[in-house]
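Subject: Handing over a structure, with notes

Dear colleague,

I am passing on a structure for you to look through, together with some notes on what was found in it. Please keep it open while you read, so that you can follow each residue as it comes up.

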Amino acid sequence: MGGSTAQLNESDNTPLPRERPDQMIRFERSDGDPAHRPSAQQMDRGVVNGEINYMRKVHVNEQASTNWRKKIGTLLQKDLGLDPKKQWYLAGWPAGYELFVHLKGDKASPRMDLYLFGGQARFRSANEFYPHARWLLQDPTLNRANCTCKYCGDTKYQRVVNFREGVGPPVASSPPATPRPSTSASAVRNTRRPDVPETQKKPSQMVKYQPINPLLDAELRTRRPFRIGEVIWVHLAQPLTSLRSPDKIEWWPAVVRDVKIRKYIEPRMPNRPYVVRESKVYRVGALPSSIEHNIPEDAILPYLAHTPSMSLIDRVRTYLGGVATSVPDFAPLLCSSPLPDPVIEAGKSLNTPRLTTFEAAVFGYGVAVEMAEYMARCWQATDPYDFISDPQEDESIVRRTQYQGLWWGAERIWMGDLIRLAPSRLQMEGKLLPWSPGAETRAMLLRVGAIYLTQDDGNNRGKQLLLSGTLYEVAEEGFSEPGMETSGPSRPARQFDPTSKSLPTPPRGFKFRAATPSPPDYDAHFHVQMVAGRYYPDLLENHLLPSAANQDTHIKSENQFTLPISHLTLAALAPGACNATQPSVWNADRPSMIEAARQVVMRNLENLRTRNQPAQLPLPSAVSIPGPENDVIMEDVSQPNSNGFASASLPPVSHPPLPRSLPPSGALSQGLGSSIVNAIEID
């Protein structure tokens, strides 16, 4: 906050030549109050014994003001989708706001601190005002509950806000005592977190700085249902129907490459104002080709929301076997796509025709499904950094590797996500609150506060990857009990929390209820294999969801919903095991997963040609892709990798494969339930 006389020249009010009118960000609304200003006494420029202590207004074009406006404009550029090649400035302050400088000390060289007045609190830096400025620009309701700044939100430490907004280093939390490695497929325990210390060590003493992945901030804050790199299903408006059977291809696998916001004006009624709407458009790469397409959000479903029917898989197997043994070159069959709106670079043309018939598309579809299924079994912990805890009373310093995110099968999971767990409430014990009525029939959710690696204990189990955070159950909206702390869409206060202000929206008719006492002080710890996948709050509202179900899935009613149980669990209305991701193949990064999937599938096709074997497409609930000796996906799993994960870091799962649909009765009490219970270790 300190300044210099050169930066605060009161007579220098000339606009800088770098500022251009077309590169200005202007506020159309404000919460500013002109009454919130320094007092007359604070503005008194009197000199006492050669020292001063007063405030004065900083003109909008003074260098100090320009620096603030430039920094905030630069940060807002990515939030507002502005041209990154231009330098953006705030054109001025919101109505009712003014920048002041506090000069204190020796008159010749006083200390100078800048403060922006006008809001309910005075902002002491550009970083402090940045999230508040974004809220003013993006929230027409000016509901302070939607603002994530230090003063409106529930995070009082600016260093935490800086990390969440991507303008500062990670901040070490106060972790539990050094965790001991799990002796089974998962570990669950509750540990009390000490109070947040009032003082902060130098970042170099706490963590080795790893810049926050910008996608973490963007994807959590905007709550995008689909994320860059995820495998998804794209709906074909005109399904490809077979001429020889009732089978049809209605959903095609693809990978998300980018997302854009499109604005459009609704048709205007007479004497009514124009209404501008926004919609998300995703650029996706259709498998197995490299062709990209622009697809509206309402034509996309998560990968776990659809499984091809058995009859379609059998049909595709027949085609794959016939083509593989009769076509000398597969490549020309894999470079077309049935998806609409292809992205064509300037000066280039699309030389491959669009697939418009079942017979023309079925070979590429079979390859695409197999590639997607392979990627659904890949995993990787991403964006590591070295964590060193603050010293606490009677507790040694904890040093460990932590991660900002995971590639978990088809999905991208970030620290701060609310994710589904495979075990149900019936299968968890420990320091948990009694569950609410019916909670055992719905998913258990974890707000991920940390993804961390344990140390090898020397028992040949290797390092274990654990996730910790606040545990939630899905309770009926009307449930309440005296003296029991519950949680709706608000976030528990945490020291290390790169999340937006609130939890995602709970299912209609329900609320999120913390399952651990005093949620800000307790964490639950789970082995990574207990992660079922992401939670999709708006999935059940998708009008295309019924077309993604097939006759192989079990139908269940939950309140007002009558849907396949595999869909209900994605919305947290059925246990996570009903539709759980089960990765088993480590890959270095997402591009490596895509390339490995392509190579494995092509190898399988060559095997079909040389051995004249029938095609072996994966079944809807399969957990392996066939290859030579049926071990293709495991060929590199036993080798340590650069992140220090040995084969023991993901031991063989001690329970049967978790299916995407369960039998109508005894969903988790017959077979599956008991085996998962035995795999959970309670402290």
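Between which strand and which helix does the loop that holds Asp538 lie? Asp538 sits in the loop between strand 22 (531-534) and helix 8 (545-548), where helices (H or I, at least four residues) and strands (E, at least two) are DSSP runs that are numbered from the N terminus.

Before going on, please note that this is a predicted model, in which local features need pLDDT of at least 70 and side-chain atom pairs count only at pLDDT 80 or more, while totals for chains, interfaces and linings use all residues. Residues are numbered from 1 along each chain as its sequence is written, and side-chain values use heavy atoms, with hydrogens and water left out.

The chain as a whole

The protein chain has 11 helices and 26 strands. Of its 683 residues, 54% count as buried, a word that stands for under 20% relative accessible area, whereas exposed stands for over 50% and partly exposed for what falls in between (1.4 Å probe, protein chains only). Taking the contacts in the protein chain with a separation of 6 or more, 73% come from residues 24 or more positions apart, a contact being heavy atoms within 4.5 Å. The chain exposes about 29,900 Å², and carbon and sulfur atoms supply 51% of that area; accessible areas come from the Shrake-Rupley method with a 1.4 Å probe, and for residues only the protein chains shown count as cover.

Helix 2 (residues 126-138) has 13 residues and reaches 18 Å from its first C-alpha to its last, close to the 18 Å expected at 1.5 Å a residue; the expected span is 1.5 Å times one less than the number of residues. Helix 2 is mostly covered, with 12 of its 13 residues buried, among them Phe129, Tyr130 and Trp135. Its buried residues pack against several elements, including strand 4 (89-90), helix 1 (63-80) and helix 5.

The 18 residues of helix 1 should span 26 Å at 1.5 Å a residue, and its end C-alpha atoms, 25 Å apart, agree with this. Trp68, Arg69 and Ile72 are among the buried residues of helix 1, and the partners that its buried residues pack against include strand 5, helix 2 and helix 5. Just after helix 1, Gly81 takes a positive phi of about 70°.

In helix 5, Leu216, Asp217, Ala218, Glu219 and Leu220 are buried, and the buried residues of this helix pack against helix 1, helix 3, strand 15 (399-408) and strand 16 (411-414). Just after helix 5 comes Arg223, with a positive phi of about 55°.

The second largest pocket

A pocket is found on a 1 Å grid over the protein atoms alone, as an open set of points where a 1.4 Å probe fits, with protein on both sides within 12 Å along at least five of seven lines, and lining residues have an atom within 4 Å of a point. About 640 Å³ of space lies in this pocket, a volume being the space filled by probe spheres set on grid points that are joined across faces, edges and corners. Helix 5 (214-222), strand 13 (300-302) and strand 17 (418-421) each supply at least two residues of the lining.

Asp538 itself counts as exposed, at 56% relative accessibility. The C-alpha atoms of Asp538 and Ala571 are 7.5 Å apart, although the two are 33 residues apart in sequence.

Backbone details

Most residues other than glycine have a negative phi, and most peptide bonds are trans. Ala572 is not a glycine, yet it has a positive phi of about 70°; it is buried, with a relative accessible area of 0%. Asp341 also has a positive phi, near 50°, but Asp341 is partly exposed, with a relative accessible area of 38%. The peptide bond from Leu287 to Pro288 is cis, with omega near -5°, and Pro288 is found in the loop between strand 11 (276-286) and strand 12 (292-296).

With best wishes
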